[in-house]
Amino acid sequence: MVEARPRSTVEAGVQPLRRRPEKQLPYPLSIYQSAVGKKWVMAVTGVVGMAFITMHMLGNLKIYLGAEELNAYADGLRTVGAPFAPHGFLLWGVRLVLLPTLLLHVHAAWWLWRQNRRARPVKYQSKRDYIAADWASRTMTWTGPIVLLFLAFHLLDLTWGTANPDFRHGDVYHNMLASFDRWPVVVAYVAANLALGVHLYHGAWSLFQSLGVNNARINTARRVFATLFAVAIVGGYVSTPIAILIGVIE
Amino acid sequence: MDFTLKVWRQAGPKARGSFETYKASGVSADMSFLEVLDVVNEDLIEKGTEPIAFEHDCREGICGSCGVMINGQAHGPNERTATCQLHMRTFKDGDTITVEPWRAAAFPILRDLVVNRSALDRIIEAGGFISVNTGSAVEANMIPIPKVVSDAAMDAAECIGCGACVAACPNGAAQLFTSAKIQHLNLLPQGQSERWQRTEAMVDKMEEYFGGCTNHGECQFACPKGISIDFIAYMNRDYLKSKVTNRKLGGQGFAT
Amino acid sequence: MELNAHVPAGPIQEQWESDQFNMKLVSPANKRRFEVIVVGSGLAGASAAASLAELGYHVTVFSYHDSPRRAHSIAAQGGINAAKNYQNDGDSVYRLFYDTVKGGDFRSRESNVYRLASLSVNIIDQCVAQGVPFAREYGGMLENRSFGGVQVSRTFYARGQTGQQLLLGAYSALMRQVGLGAVTLVPRTEMLDLVVVDGRAAGVVVRDLTTGEVYSKSAHAVILATGGYGNVYYLSTNAKKSNVTAAWRAHKRGAAFANACYTQIHPTCIPASGEHQSKLTLMSESLRNDGRIWVPKDANDARPAHEIPEADRDYYLERQYPSFGNLVPRDVASRAAKRQVDSGRGVGPLKNGVFLDFAEAIGRLGRSEIQERYGNLFEMYDRISGEDPYGTPMRIYPATHYTMGGLWVDYHLMSTVPGCFVGGEANFSDHGANRLGASALMQGLADGYFVLPYTVGDYLAGLLGQKAVPETHEAFKNAEREVSDQTKRFLGTNGKHSVDHFHRELGAIVWDQIGMERTRSGLEQALRDIPALKADFDRDVRVLGTADGLNSSLEDAGRVADFFELAELLARDALHREESCGGHFRVEHQTPDGEADRDDENFAYVGAWEWKGTGTPQTLHKEQLTFDYVHPAQRSYK
């Protein structure tokens with residue numbers, strides 16, 4: 001004898017933000033239909049991203065070994081697996097993984113941001129006093145787009161070369177020097193990396209929570225991990241343009 | 001002690017609200033925050049103004065009725081303390097205290113500081129139970145439960161359902177509440193048979209009303225029972241597993 | 001009015017079983033056709049609603065809270081008794097029965113108590129199956145502790161929040177039925193009248209507290225599980241909203257109100273800190289296991305506690321009751337504290353408490369052991385009083401805590417209005433004149449899970465084929481009008497004082513004259529003062545706002561108005577009961593050494609009062625109590 005909803009004025013007073021989709025997508029896509037699933041996807045894509053920026057940074061550091069080392073490394077990325085694999089096999093393979101990873105990460109973030117705004121349509125009218133929600137966690141929706149915008153420039157600058165004053169295909173060392181000779185680029189690069197650092201400071205901590213691998217025993221350890229990771233990444237990346245700008249690398 | 005209170009007044013769900021300023025003088029440090037509101041209300045009634053509507057009942061920090069934002073913090077500045085257990089000795093003489101209702105789409109304001117939290121009941125209704133009809137229970141000591149498990153379940157079960165986690169969360173998410181309710185039952189042997197259906201159904205219902213978790217961790221500090229966000233991680237894990245398990249169970253689960 | 005308890009014949013051990021067999025059954029197909037209303041969503045209400053819905057009846061639950069889980073059962077701390085005998089210490093159903101009858105000072109119905117004791121074991125099974133996380137031993141088995149002066153360990157507990165966990169269990173069972181559509185849950189809605197048609201309960205009139213709408217709901221049976229009336233004292237450990245209104249309006253429609261004068265005063269509460277005090281907080285009775293109670297010998301001793309030497313302290317309980325010492329029962333400890341404070345030897349800024357000192361226990365067991373045992377209570381005390389009980393002794397004073405009286409019910413928990421059942425603290429049954437610790441939760445759940453689902457069915461079987469009285473019936477319309485008129489009257493009075501003002505004044509009278517010690521002259525005074533104050537209230541109350549929205553002053557006004565009428569009955573009942581027993585202590589009736597002097601010859605009965613209209617005193621009906629199994633004896637704790 002199920003009665004028509006709502007069953008009381010109290011119940012009628014609250015409207016859902018969204019209804020559960022009538023038709024569930026086939027598994028495992030159905031996971032992505034929920035916010036918890038999207039957070040899980042964000043964490044997994046975040047881990048992939050973290051792996052990429054770690055490898056990328058380590059590659060960058062080769063610049064300190066000189067032009068030859070760096071260019072050879074860059075060339076190696078294209079020719080790895082030769083003669084069996086085609087030219088650029090690894091590079092394109094990685095790109096094929098990274099692009100959807102990035103798109104998923106951004107889409108999930110956008111969706112959650114929108115959902116979370118709807119969850120509190122009227123903001124607090126007095127000043128909030130946060131205890132745990134730190135600057136990093138509350139600026140994820142800012143640091144993310146900043147990094148994204150920078151990424152677009154970064155690709156134009158050092159991958160396609162259109163934003164580079166003197167781009168030479170294959171001469172990574174030269175391209176970097178050419179780009180980082182411009183101080184506004186260095187400033188933007190440093191700023192974007194700091195944003196990335198802040199993003200990682202929260203993200204590298206948060207992913208354990210989203211993946212559900214957290215428990216009381218690793219709470220301190222993951223905070224330490226996230227901090228060290230963020231510092232290492234920012235330090236590793238930022239050192240290069242500064243070194244170029246101040247002339248340590250010529 | 002004397003205080004200036006800035007209190008949110010709103011005549012009804014659709015009305016426009018605003019902060020009104022009231023003086024509370026001659027307050028004793030031993031008074032609870034709600035008792036100060038009582039005194040202000042007595043004054044208002046004497047003056048012919050309608051008293052401030054606020055939710056309260058047990059005034060011992062267990063029923064979960066009370067709860068307002070005090071100076072931008074859910075239940076005020078003290079950790080593990082519900083609004084009714086907040087005493088005025090926490091504040092300094094002469095302080096201005098701002099009082100605002102919980103705000104979330106799922107918690108529409110009914111009047112002044114009173115909000116409608118029935119969405120939390122909808123989550124429980126979706127699966128926050130163990131289906132055991134009266135009379136069909138087995139002997140209580142038939143299933144031993146390790147003390148650590150029972151204690152962990154109790155840590156989650158302590159939730160008083162006040163909604164502070166939602167209020168404190170920058171996203172208006174109810175993850176701490178939902179995870180505490182889910183994990184209380186999911187930890188216990190009695191809760192295993194419905195574990196995966198329960199997790200999926202309750203999370204899905206939660207997402208109909210509330211925002212999503214982005215791991216700010218604000219909720220666990222606002223929680224008057226100090227429930228840990230570790231339970232949220234646990235719920236996330238169970239939710240992912242439930243998607244797999246419920247698929248395997250096919251049409252047998254009500255939530256699939 | 002005739003009081004027939006309908007106690008089944010036969011030996012007490014077999015009564016419930018034979019009664020269950022003799023009850024009429026309703027077939028599953030017919031259960032669907034019956035509508036049952038449950039008012040209140042505490043332990044008794046939620047468990048009854050869930051169980052009846054599981055059986056197949058359609059149940060509507062009204063609660064004035066925003067969620068069923070807020071009911072005041074949630075605040076119970078200590079635990080729940082059950083005769084499981086897991087500790088192998090000689091407990092049994094019969095011993096729990098015996099202890100409860102004796103603890104109730106021989107003023108309860110033996111058959112009900114025996115049924116309660118025998119159902120206690122099923123409650124634990126049910127709650128554990130629902131996921132109630134009771135305390136456990138390392139081996140994974142349920143743990144027990146001893147409680148309130150009994151000699152066996154039979155109390156099950158979940159930290160200091162047993163009531164919360166049990167209520168959440170019942171609430172989850174209820175919400176499951178809500179989800180299945182078997183229960184219609186109507187929160188923030190207060191019952192304001194019982195409608196009786198042709199001598200049977202036909203439904204209720206309620207007010208939607210958010211919209212102000214007054215409407216009726218008809219049903220085949222109505223269950224009231226609306227708690228006790230401790231808030232008649234204004235200051236009590238009850239929740240602020242707890243009230244007698246639902247039970248009282250039923251009383252005015254013909255349900256007899258029994259044993260109003262049996263009110264339990266709990267000895268260990270935190271004393272009031274001033275005029276503004278809105279409620280009192282209980283500190284678990286278990287503190288008396290290790291704390292020593294004392295006051296300074298000299299009423300004018302102004303030194304702080306730790307500077308008062310042993311020689312100048314009076315450990316009055318240890319002195320007066322050498323064998324039980326600080327562990328005397330609640331009523332004895334409460335009265336002793338009152339006498340100390342009345343003699344001017346009270347402690348604290350308002351001289352309104354006595355010390356409960358842990359210094360000796362901390363010295364003996366060490367601070368960490370005390371922390372392990374009472375840490376959460378000490379923290380709570382510190383939070384409320386701002387004093388650290390590890391360093392300074394706690395200050396405690398008795399406060400109203402539970403009311404044993406309530407609507408009279410028969411063995412089937414049916415009131416004198418057929419079709420109106422009463423469960424939990426709202427009824428008078430089972431605890432007699434005094435309730436033992438950890439028995440309230442047991443009674444609420446026994447009523448809701450295991451008694452009402454049977455007895456309501458038995459009643460409904462007799463109504464087979466009958467439709468519920470339509471809500472358009474004249475009786476409903478009249479009742480709705482009366483409720484609306486009362487609301488209009490409150491809003492139109494426009495006097496000078498708030499509802500709370502009158503409630504406080506009423507509480508002061510009731511506490512002074514009908515509190516821990518009662519005298520004939522005091523009660524007669526109360527019977528003059530209460531109606532006078534009521535007249536003031538009617539003339540001079542100020543309720544602002546409107547009737548068509550959330551208006552807590554308006555809600556309170558109706559509740560306080562009923563408290564006035566109840567307070568009169570409380571005084572009248574206390575006045576007529578010329579004896580001292582349990583929670584009722586008449587100064588005229590004490591032994592030479594100041595103990596309660598019970599009069600079994602003249603007062604071994606339940607005093608049930610019948611409403612005779614406003615302004616006319618209720619008339620008394622007696623249900624004689626017989627004690628075939630537990631023979632009355634004088635309680636002595638010397």
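**C:Ser108**

I started with C:Ser108, which I found in the loop between helix 4 (93-103) and helix 5 (110-130) of chain C. For these notes, helices (H or I, at least four residues) and strands (E, at least two) are DSSP runs, numbered from the N terminus. This is a predicted model, where local features need pLDDT of at least 70, side-chain atom pairs count only at pLDDT 80 or more, and totals for chains, interfaces and linings use all residues. Residues are numbered from 1 along each chain as its sequence is written, chains are lettered from A and ligands numbered from 1 in the order in which they are written, and side-chain values use heavy atoms, with hydrogens and water left out.

Is C:Ser108 buried or exposed? It counts as buried because its relative accessibility is 2%; buried means under 20% relative accessible area, exposed over 50%, and partly exposed in between (1.4 Å probe, protein chains only). I then looked up its contacts, leaving aside neighbours within four places in sequence: C:Ser108 touches C:Val101, C:Val113, C:Asp430, C:His431, C:Gly432, C:Leu625 and C:Phe627. Contact here means heavy atoms within 4.5 Å.

**C:Gln486**

Next I went to C:Gln486, in helix 13 (residues 474-493) of chain C. C:Gln486 has 14% relative accessibility, so it counts as buried. With neighbours within four places in sequence set aside, I have C:Gln486 in contact with C:Arg249 and C:Ala561.

**Helices 14 and 15 of chain C**

I checked how helix 14 (residues 499-513) and helix 15 (residues 520-540) of chain C pack: their axes come within 10 Å and cross at roughly 175°. That makes helix 14 of chain C roughly antiparallel to helix 15 of chain C. My terms: axes are lines fitted to C-alpha atoms, for helices over the stretch in contact, with angles from 0 to 180 degrees between N-to-C directions. Angles under 35 degrees count as roughly parallel, over 145 as roughly antiparallel, 65 to 115 as roughly perpendicular and the rest as oblique.

From helix 14 of chain C, the contact uses C:Phe502, C:Glu505, C:Leu506, C:Ile509 and C:Gln513.

**Positive phi values**

C:Leu413 is not a glycine, yet its phi is positive at about 65°. I placed C:Leu413 in the loop between strand 16 (406-407) and strand 17 (420-422) of chain C. C:Leu413 counts as buried, at 0% relative accessibility.

In chain B, B:Asp112 also has a positive phi, near 45°, in a residue other than glycine. B:Asp112 sits in the loop between strand 6 (109-111) and strand 7 (114-115) of chain B. With a relative accessible area of 2%, B:Asp112 is buried.

**Chain B overall**

While there, I counted eight helices and seven strands in chain B. Its C-alpha atoms fill a box of roughly 65 × 40 × 35 Å along the principal axes. Of the 256 residues in chain B, 70% are buried.

**Helices 5 and 8 of chain B**

What is the angle at which helix 5 (residues 175-187) and helix 8 (residues 230-249) of chain B cross? I have roughly 70°, with the axes coming within 8 Å. That makes helix 5 of chain B roughly perpendicular to helix 8 of chain B. The contact includes B:Leu176 and B:Ile182 of helix 5 of chain B, and B:Phe231 and B:Met235 of helix 8 of chain B. I sorted the residues of this contact between helix 5 and helix 8 of chain B into seven nonpolar, five polar and one charged.

**Chain A**

Last, I looked at two cis peptide bonds. The bond from A:Tyr27 to A:Pro28 is cis, with omega near 5°, and A:Pro28 lies in the loop between helix 1 (9-12) and helix 2 (35-60) of chain A. The bond from A:Ala82 to A:Pro83 is cis, with omega near 5°; A:Pro83 is in the loop between helix 3 (67-79) and helix 4 (89-119) of chain A.

Methods
Ala, Val, Leu, Ile, Met, Phe, Trp, Tyr, Cys and Pro count as nonpolar, Asp, Glu, Lys and Arg as charged, and the others, Gly among them, as polar.
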